[in-house]
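Me: I would like to go through the terms used for this model one at a time, and to see each value set against its cut-off.

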Amino acid sequence: MTQKNLVSIVSSGLSKFGRLEGKCSREIFAEAAKEAFEKCPNLDPVKDIEALFIGHMGESFEHQGHTGPILADWASLLPRPAIRIESACASSGVALRMGIIAILSGMYNIVMVGGVEKMTHRTTMDVTEFLTMASDFPFEQWNGITFPGLYALMATAHMHKYGTTEEQMARVAVKNHHNGALNPKAHIQKEITLEKVMSSRVIAWPLKLYDCSLISDGASCLILTNPNIAKTFTDIPVHIIGTGQASDTIGLYERDELTTLKAGRLAGREAYKMAHVTPKDLDIIEVHDCFTIAEIIAYEDLGLCKPGKGGNLIDQNVTSLDGEIPVNTSGGLKAKGHPVGATGTAQAYEIYLQLIGQAEKRQVSGAEIGLSYNVGGSGASATAHIFKRG
Amino acid sequence: MLEDSPFTIESFYKFLCERKLMATKCCKCETLFLPPRPMCTKCLSTNFNWVKLEGKGELISYTVIHFSTEQFQSKTPYIIGIVKLNAGLNLPGIIRDMNPKQIRVGMNLLVDFDTSIPLQWPQWPRYFFKLDTLSS
């Protein structure tokens, strides 16, 4: 086995997720950057960080484009080059991958990767409109299909093909809210009951309000280095040992199967192969639960179970915090929140905390290998990353 | 009239005004495309013919949208389905004139046309699905 450390994480930052009244995205990003700098006193950010790769999805939210240099500026990193990456909800998962590639290229030794989104100042209807832009315009948006609608179409197909139930989807929400209640940075830190999910109002049948992730503000970042210099900055680096990414049709309707995300399967497979790791080796996973059905499908696409058996993992508490393979210990997009551009590196932030043993009340003891899985839109892009305690 | 139309999405929508559901077929490998595209994804050919579809198919999934964007909120609740047309191509769209309680995966649906031109960009007419009473 020739496992290779691609890059190392030496620090990380996460703003509070939630409704951050009166703050705009650059200010929220500065909060995440500040945490990453403070946790890494051996690093001189202005001198040492050579480039930024930032996920940010929408200009519409704040009527602000060209956000790469703005975020570099607010992180006090001018005149470093800043590359903004837009891949819908997978923007910062892709930014993370670009940061890895930048270091592997030999061009840089130290980069910051991260993401941000400011969403809560807009009405839910505006947010629905802006997020819908990540789906196909000519056939999906033009026909009135929303994002919850797309995942609802996957859910109906999954229910029909495999017998997955609304209760199983609801249990994903209950689990992730349980974890979110233990995360001081989560948007909603409150347990919910199965009854509450099941009786919440329908958004796009079979998905109800509590099957949907949250509209949140937030930012996240990681500082990546060439593995050879990681120990200069920290005694406990976390190495990234696998990365995968794939693309699929923008239209959900264009795919042969509605019950699986091909790009997700391929991204996972690439990351597993690169890392010389199988699903059985994983201690913790953060998956893209933008809707509860997405977490069930993620179990299947990442090979935790056979296709169609995702609901069983939830029924048997396999993915609970005290289960065999805890999933979304952070609370996931469902409870921690989903500021879309920030999500990919926020998932990596959680894995990092878990692997260095600083996840406090939600710590999974002895976690050594973790995976993060970030999906864009209805699955036209997906990334997977595998992390190992150094 | 439009058989020499460019192989574009715009052309697909213009055909709807003539109550025609049109796909394209690659001249080289015979793969069907909906929407039309300028290059065949299978063999990279750029030669196509238009093919008129009969617009019948089977519902493979559906949802009932209760909360939508500003443009569509007044229509809620409305049903969206993905139909596998008999030609093998999938098409998403609104299902009209049906009680959500009646709907089920596998039912036979038919494409119909609303040829009125909306005011908003891109001013395309719309197709929609309805129950195919003859095949059901």
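Me: What makes Lys23(A) partly exposed?

Reply: Lys23(A) has a relative accessible area of 36%, and because buried means under 20%, exposed over 50% and partly exposed in between (1.4 Å probe, protein chains only), Lys23(A) counts as partly exposed. This is a predicted model, in which local features need pLDDT of at least 70 and side-chain atom pairs count only at pLDDT 80 or more, while totals for chains, interfaces and linings use all residues. Residues are numbered from 1 along each chain as its sequence is written, chains are lettered from A in the order in which they are written, and side-chain values use heavy atoms, with hydrogens and water left out.

Me: Why is the pair of Glu31(A) and Lys23(A) called a salt bridge?

Reply: A salt bridge is a side-chain nitrogen of Lys or Arg within 4 Å of a carboxyl oxygen of Asp or Glu, and the closest N and O atoms of Glu31(A) and Lys23(A) are 3.3 Å apart, so the pair qualifies. Glu31(A), with a relative accessible area of 28%, is partly exposed.

Me: How do you know that Arg97(A) is buried?

Reply: Its relative accessibility is 13%, which is under the limit for buried, and therefore Arg97(A) counts as buried. Arg97(A) also forms a salt bridge with Glu270(A), the closest N and O atoms being 3.7 Å apart, whereas Glu270(A), at 29% relative accessible area, is partly exposed.
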